[in-house]
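This briefing covers a ligand site and some backbone geometry. The structure comes first, and the notes follow by topic.

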Amino acid sequence: MCGIVAYIGGQEAYPIILKGLKRLEYRGYDSAGIALIDETSLNLYKRAGKVSVLEDFVKTCNSRGSIGIGHTRWATHGEPNDVNAHPHFSGDQKMAIIHNGIIENYDTIKEELLSRGHTFHSDTDTEVLIHLIEDIQKSEKVDLVEAVRIALNSVHGAYAIVVISKDNPNRLIAARKSSPLVVGIGKDEFFLASDATPIVEYTKEVVYLDDEEIAIVERGEDLKIIDISKKEITPYVQELELHLEALEKGGYEHFMLKEIHEQPRSIYDCFRGRLNASEGMVNLGGITDYETKMKNANRIIMVACGTSWHACLVGEYLFEDLARIPVEVEYASEFRYRNPIINEGDIVIAISQSGETADTLAALELAKKKGATILGICNVVGSSISRITDAGSYTHAGPEIGVASTKAFTAQVTVLTLMALRIAKRKGTLPESKYRSLLNELESIPEKVKKVLDQNEKIQFISEVYKDAENALYLGRGITFPVALEGALKLKEISYIHAEGYPAAEMKHGPIALIDENMPVFVIATKGTSYEKVVSNIQEVKARKGKIIAIVTEGDTQVKEMADHFIEIPDTNENLVPLLATIPLQLLSYHVAVMRGCNVDQPRNLAKSVTVE
Ligand code: F6R
């Protein structure tokens, strides 16, 4: 969380940094700030609130300069006010720093610095770090790069930082550990950012810094990288595959709506080149070398957070049903602190849209230490998870900017389906006819998603009916239970309505007490093994005057008669139902949130990339 961006070159830095901050706002929007060097002065402006608040403020200030740093914050240490906003000055105000991450031992360092006469103005760990750098530079009489290096050797935690100093207006110093940082290399100019989105319109050449690396970007010089033990590193320049159009709303009112509508395309992109139903082919190049290990695994452990964790639950059904491999699904945050039992033959698969989620990364590191093979399913190319895993598959869903995850989820489920099918084929656990029919069905999913999206108006009408609800229940069974969880998460995170997802049969063990005439109950009642059971669960809700909104298979008659409202989805193989049933629930949450006047793309208290524990 927190977005950082910096520029040095021949252009005015402010417009580039401001635009970059807007692109990175999905990472946090509690406050924003900027520091620019104009000839001999280091000008620093910061404001609580969104980047637009900063922009209004800076209108009356001196925003000139061809070198600068900027930050958009998701608060960890200290409330989101002007003072705690980044950048932070050093004590002599000659330097400023921006930081994404947490310095865990900042308290001890702060006490030491206080005893040495430093004064602090904010409650942040970041201000402590810039004072430490300043203290080292002065007391050890070393240059700034060396001071940064020594300071980073004494901090614990996570950081992506950029330091600017008015004593050297031709240089920026950046470093990272467990928080992402990308360097864009232009013609006589450099860009630094938390991800490539602020960079892509200026250059396609980027270098992703690795942990404990320090980048020195200097006018007229090549990019120089050292690690924190002073070893020189040769920069590995990569070509960005990102396209600018993917970062814009393309006529939609919100990114979330655009991303929901992109799903026919993103699901197709996810299996393009990997699936050929007529030839009976599924192939995920990224994991080819690990297929035998997967096939022989005693179990697979899937780790993730939030929506990605729901994708893991779908993956559990798929791997167990198709490939007959036992799967355990773990919240990454719980797994890492539980001294989990991991054996050498175990495979751990991490699923993450951003590839930067701190808990998921830490869970993977733990599993690796204990000898497991670690694989990743990520959306963001070059992200930390994709780089520390032994192998993996990208979801190719394109940038997801709305904070609520939509197309990333269906792409994750698509990759899991492909993986489960591939391993099932290798293991011989699936009859050829079932295998072939699943491949055919998967190929037809993008067209079927379009049909679901065509019902937008009806879903909008249903949203109007329930927009003032205070609570909502989501029920599913088997492979649609994770869909119920995901539907509930979408509603609560963007419309702030309390919502719970439950396995339908569990309702009578407690939640049924909540049912009355004011309780909307969203039920995934599609055709399949549990259909009759779900029908009974619906009757139990109706008997208590609950309102039923059912997701049903086209042509259904029984549930339609009982439901207050229904949304039809095309018929498909039961294993693929999550790819269709999730979509009306995404749309419904979106419309309810818009009708309630909520900020759909940037819901309160959230950030897209959770890089803190
Ligand atoms: C919900 C949502 C979050 C993320 C979670 C994990 O809509 O977006 O729950 O799914 O923070 O993020 P990634 O997938 O980036 O690891």
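**Backbone and ligand site**

Q93 is placed in the loop between β5 and β6 (95-103). The model is predicted. In it, Q93 has a positive phi of about 60° although this residue is not a glycine. The ligand, in turn, sits in the second largest pocket, and α9 (306-323) and α16 (481-495) are the elements that give two or more residues to the shell around this ligand.

Backbone geometry

- Most residues other than glycine have a negative phi, and most peptide bonds are trans.
- The peptide bond from H86 to P87 is cis, and its omega is near 0°.
- P87 belongs to the loop between β4 (67-73) and β5 (88-89).

Shell around the ligand

- There are 15 residues around the ligand, and S308, S352, S354, T357 and E493 come nearest among them.
- By class, this shell has 8 polar, 5 nonpolar and 2 charged residues.
- Domain 2 (249-452) and domain 3 (455-599) each supply at least three residues to the shell.

- S308 has a polar side-chain atom 2.5 Å from an oxygen atom of the ligand.
- For E493, a polar side-chain atom also lies 2.5 Å from an oxygen atom of the ligand.
- K490 places a polar side-chain atom 2.9 Å from an oxygen atom of the ligand.
- On its own, the ligand has 410 Å² of accessible area, and the protein covers 90% of that area.

Key
Residues numbered from 1 in each chain as written. Predicted model: local features only at pLDDT ≥ 70, side-chain atom pairs only at ≥ 80, totals over all residues. Heavy atoms only, no water. Near = heavy atom within 4 Å. Polar contact = N/O pair within 3.5 Å; in protein donor to acceptor, adjacent residues only side chain to side chain. Areas by Shrake-Rupley, 256 points an atom, 1.4 Å probe, with all protein chains shown as cover. 1 Å grid on protein atoms, 1.4 Å probe; cavity = no way out; pocket = protein on both sides within 12 Å on 5 of 7 lines; lining within 4 Å. Sits in = over half its atoms within 2 Å of the grid points. Helix = DSSP H or I, 4+ residues; strand = E, 2+ residues; numbered from the N terminus. Nonpolar A, V, L, I, M, F, W, Y, C, P; charged D, E, K, R; others polar. Domains from an automatic or database assignment.
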